[in-house]
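Subject: Structure handover and notes

Hi,

Here is the structure I promised to pass on. Please open it alongside this email, and my notes on what turned up in it follow below.

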Amino acid sequence: MRLSPLQKYILKACYTTSLRILSRAGFARFYEVQKVKPKKDDKVNIITNSLESLIDKGLMMGYGVRTPRKWYIKEVRLTLAGRKVAKKLLGEQQVLPFKTKTIKV
């Protein structure tokens with residue numbers, strides 16, 4: 001299963017906290033360390049799409065408000081499968097952005 005860096009951050013953040021249910025407000029901190037930062041409205045949309053994707057994969061449960069057209073996710077919680085994936089992610093070594101040189105022969 002492929003996960004984006006934001007989705008990995010969300011899973012790790014939910015796993016390492018002592019709270020069972022987490023508010024989505026803290027997930028915007030992911031962009032504080034990024035070099036290229038999207039606009040505020042784009043951040044909200046990106047986080048929402050990532051949360052919906054994690055919910056569709058069965059890794060999270062979302063709590064919020066349902067309107068006739070859309071879900072508004074306010075809080076999330078890890079499922080058992082999500083806890084297993086997050087535990088596996090914490091054991092993986094992070095990938096460093098090395099620049100590779102090609103040698104012409």
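Let's begin with helix α1, where Leu6, Gln7, Ile10, Leu11, Ala13 and Cys14 are buried; buried here means under 20% relative accessible area, exposed means over 50%, and partly exposed lies in between, with a 1.4 Å probe and protein chains only. These residues sit on the same side of α1, because they cover an arc of only 165° around the axis, the arc being that of the directions from the helix axis to the C-beta atoms. On the other side of α1, Pro5 and Thr16 are exposed.

Before going further, a word on the source: this is a predicted model, in which local features need pLDDT of at least 70 and side-chain atom pairs count only at pLDDT 80 or more, while totals for chains, interfaces and linings use all residues. Residues are numbered from 1 along each chain as its sequence is written, and side-chain values use heavy atoms, with hydrogens and water left out. Helices (H or I, at least four residues) and strands (E, at least two) are DSSP runs, numbered from the N terminus.

**More on α1**

What do the buried residues of α1 pack against? Their partners are β1 (22-23), α2, β2 (60-66), β3 (71-78) and α3 (80-91), where a contact means heavy atoms within 4.5 Å. The length of α1 (residues 5-16) also agrees with expectation: at 1.5 Å a residue its 12 residues should span 16 Å, and its end C-alpha atoms are 16 Å apart. The expected span is 1.5 Å times one less than the number of residues in the helix.

**Helix α2**

For α2, the 17 residues should span 24 Å at 1.5 Å a residue, and the end C-alpha atoms are 25 Å apart, which agrees. Its buried residues are Ile47, Thr48, Ser50, Leu51 and Leu54. Seen down the axis of α2, they fall within an arc of 165°, so they line one face of the helix. They pack against α1, β2 and β3, whereas Asp41 and Asp56, on the other side of α2, are exposed.

Two of these residues deserve a look on your screen. Ser50 is in α2 (residues 40-56) and counts as buried because its relative accessibility is 7%. Leaving out residues up to four places away in sequence, Ser50 touches Ser4, Leu6, Gln7 and Ile10. Thr48 has a relative accessible area of 13% and is therefore buried. Its side chain reaches the backbone oxygen of Val44 at 2.8 Å; a polar contact is a pair of N or O atoms within 3.5 Å, where within protein one must be able to donate a hydrogen and the other to accept it, and residues adjacent in sequence count only if both atoms are side-chain atoms. Just after α2, Gly58 takes a positive phi of about 85°.

**The sheet**

An open sheet of 3 strands runs in the order β1-β3-β2, with antiparallel pairing. β1 and β2 stand at the edges with a single partner strand each, so one side of each is left without a neighbour in the sheet. Two strands pair if DSSP finds at least two bridges between them, and β2 and β3 pair in the antiparallel sense over 7 bridges. Met60 stands opposite Leu78 in β3.

**Aromatic rings**

How many aromatic pairs does a search of the whole structure find? There are 2, counting rings of Phe, Tyr and Trp (its six-membered ring) whose centres lie within 6.5 Å; planes under 30 degrees apart count as stacked, over 60 as edge-to-face and the rest as tilted. Tyr9 and Phe30 form a tilted pair, at 5.4 Å centre to centre with 50° between the planes. This pair links distant parts of the chain, with Tyr9 in helix α1 and Phe30 in the loop between β1 and α2, 21 residues apart. The rings of Phe30 and Tyr31 have their centres 5.1 Å apart and their planes at 80°, so that pair is edge-to-face. Phe30 and Tyr31 are both buried, while Tyr9, at 26% relative accessibility, counts as partly exposed.

Enjoy exploring, and write back whenever you like.

Best wishes
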